[in-house]
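Welcome! Open the structure in your viewer and get ready to select a few pieces one after another.

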Amino acid sequence: MYLESPDGCANRYELVKKLIDHAAGSLGTPEQEYVLETLLNILIRNKDRDINDRDINDLSQLLVDIALIGTQRSLIEHLAKRFKPEADRLLEKESFDVPEQRDRRTIGILRLVSHAYAHLGKLYAKPPENYQEAAQCFTLATHYMPNNDPFIFHMHGNVLYHQLQKQWADILKNGNFCGEKDQGDFESRMDKALLLFEKACEYGDVQYGLTGQMNLLFEYLRFAYRVNNIRTKEDLRKLTPRQISYQTRLIETLETAEQYGEFDEEAVRNIQNKKNQLYSEILMGDYGKTIEYYQNEYDKLSSSNNTAGAIAALQGLVSAKIQKARAAYEAAKSKNRSLYQMIPEPQTLLNQIGVLLQELYNKRGYYFYAKRTSLFRHWFQLAKLADYAVSDADIQADYWVQTENTIKGKKNPEPYYYKALVLYLERLDGMECEGELQSVRDTIDSMDANQLFDPRRGRLDKIRDLLVEGHGMGRLLNVSDCGPSAEIANRVSAAQKMPTVLCGTVESVQLWGAELSVYAPPALARQKASSEIGKMSRNTLSGDQINHKVMFFGGFTTKGIRAVSDSVKDQDTGEAFSVPEILGAMGNNKDQIAAKEQEQQSGQTKAAYQEYPAVPVSFPAIYEGYGSTGEAGEHKVFYPQNVVPGYQGQDDPQYLNGKVDGGVGEMSVSYFTELFGKKQIDAYGGIDDILNALIKIGLMDMTVKNVRELDGKKCYTLGLYNENIELSQLLQLQKRLSISEKKPETQDEIVSLPKFKNKSVFFIPEDPELTKTNGTFEVDGVNYSGILVNVKTRNDRKKAKEYNGKIPAIVFGTPQSGKYTLKMK
């Protein structure tokens, strides 16, 4: 078909035209499907680049070889007209049928006609341009689409973009700008093009839908700057509110693009160029000036009760702050601090994002979905820095999942990840949520198995957060942007955080890694964990270590708990677990560093990783002495057996005595009493009843405070692993998560409490803001502890607050762990 002769183009044209006629004549025959596929391949799909339908210059190799624009148009128009009658007949028939039940033949013909008109519209946008014909072609392309086609939406949006770009260039060249009239026309057509790019994103073409939006917004702002003679930061006040909104949208679109990690190299370069141009040309090299502008606008509009305007200004303010932090993060060329740690006042920004998330969300297109997704992401990252309450994070996670469930197509795994994550934290806090956590885990596994997650959102087995010592959401350290373990170690050091140590047993070892079963902390008992193995992981795990006990730093992935592989140490083979030594080794893992450098040099990764120093950064004082002997500071599972008097020379007259791995353990009774206070202990029947309860439960999660020799054995003085836990939660936690073989006795058998089934009471919450729903109620002059189980949403909390600290409620069920369950009336 590709004839090498002076008349080669004409010969190709005639030959393909005959093929089109033959294909049209084959409708209804057995060869129809094959012929239609051949036409699509040679006329539409066969590109010289692996990019489909992106730009007006992206044509099939056949059309490129034909070269003449008039001949190209004629050939594609012939294709459309030959199959249009059959497409019309099929659509007319569907007035009696159900469109969703179209067969492959119908879909194939409609797609062929739709793409033919879309490509014809694209050809009319090439010189000599005929944008009126192009618009008519895209109207027909949309009419014949068998389903929502992101490629056609993108082509249409791109043609509108090129038309506007040409008009802006003519105005700047000839100076024939008519002011508000032209501006209104431009913005109307811009909004239409932006909507088309949004649809391209919504129906699967995120990469080029976003780059289309960025190109359009940037070129319009560049045009507006030239027309308005904006040359300095002081001139920015000349922009209209609508133009400011486009500036905000450009920043937000760039922020959305940052969420995806699997764009091709051309798109990545385009995004980076637009970020640089945004900073240098649009923001005049000064994010601070932009932040100042939005802050003033927000203050002014808020005081004038212009709610819509204030919300728009607040959106711009939040986006500008994030972009400023991102610029600082990229300039640092280091992973020691995350992007969000570059924000000077994280709590202020967190509150501002909270205001935006309170706005009612009605799905109106991909842009609004993407903007809300970015806000949720920022909220969770900042909540970690602000030690935010886990109960509030749980509410936000529910809202994020609801938002994600409104869109079609591949899902973002993040909302499901955070929902599971807050449930892990609630378990660590002693909350009863095993069933809900298992349900979320099953949902994630099912979605993964059915390939419902968008792979461009990142690997599901990548560690996103490291579990560290702290409070609330502050127990999570963001490491989602970290690569090798060296970067994780340096992030931990820079943040001055103490990694939480998990204990588990090796259940299986496969080629892909090891599967572990966690047994400590007990709140995570029986949870599955995974770990990498092999040379790059720098641990000794192998198939010979089944049922061995190991210790490790625990991280969280979308798929569940994952060990930081370099931290895994086998206790049964005598491997010492020393936090500073492990972090030091991780921070100076030369094998990983060399592999990363080689990967960079081979062009296999686009990320800019730091060059690690020969000696890792010095670790802060909080690590000194922690686990330096493999014992002090170590987590231990304690099996209490009896109460014994103190030995001569000991400070405490009584100790709770028992066993730990590698020796015996003891906990000072005075330490326990001081920790919880006499009032709380008396509420559970006194110290003797509580100690007996702990012995019956048979398991406690502890930290080593001191080690000494006793009768030739090591004796560990222990303290509670979580000293901030309430006594009721401790008893409930130990009972519920006991890994002993016997069936745990219920708390009601341990501590006798009256039953108040269906009794009406007034509930007094501990926290007036109801971020936690623990509290007390009084019956016959005696106070009892309880928890409200039906105060979960903002509306529930609002209603509860209206009672001014005295909430009418009903007690139901039997008390668990010394705490009653109540429902607000």
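The model is predicted, so local features need pLDDT of at least 70, side-chain atom pairs count only at pLDDT 80 or more, and totals for chains, interfaces and linings use all residues. Residues are numbered from 1 along each chain as its sequence is written, and side-chain values use heavy atoms, without hydrogens and water.

**Stop 1.** Select residues 104-124, helix H5, and residues 150-174, helix H7. (Helices are DSSP runs of H or I, at least four residues, and strands are runs of E, at least two, numbered from the N terminus.) The two pack at about 15°, with axes 10 Å apart; axes are lines fitted to C-alpha atoms, for helices over the stretch in contact, and angles run from 0 to 180 degrees between N-to-C directions. H5 and H7 are therefore roughly parallel (under 35 degrees; over 145 is roughly antiparallel). Show the side chains in contact (heavy atoms within 4.5 Å), including His-115 of H5 and Phe-151 of H7.

**Stop 2.** Now pick helix H16 (residues 390-404) and helix H17 (residues 414-428), packed at about 155° with axes 8 Å apart. H16 and H17 are therefore roughly antiparallel. Among the residues making this contact are Trp-400 of H16 and Tyr-418 of H17.

**Stop 3.** Select strand E9 (residues 635-645) and strand E10 (residues 654-660): 6 bridges join these antiparallel strands. (Strands pair if DSSP finds at least two bridges between them.) Tyr-639 has Lys-659 in E10 as its bridge partner.

How values were computed
Angles under 35 degrees count as roughly parallel, over 145 as roughly antiparallel, 65 to 115 as roughly perpendicular and the rest as oblique.
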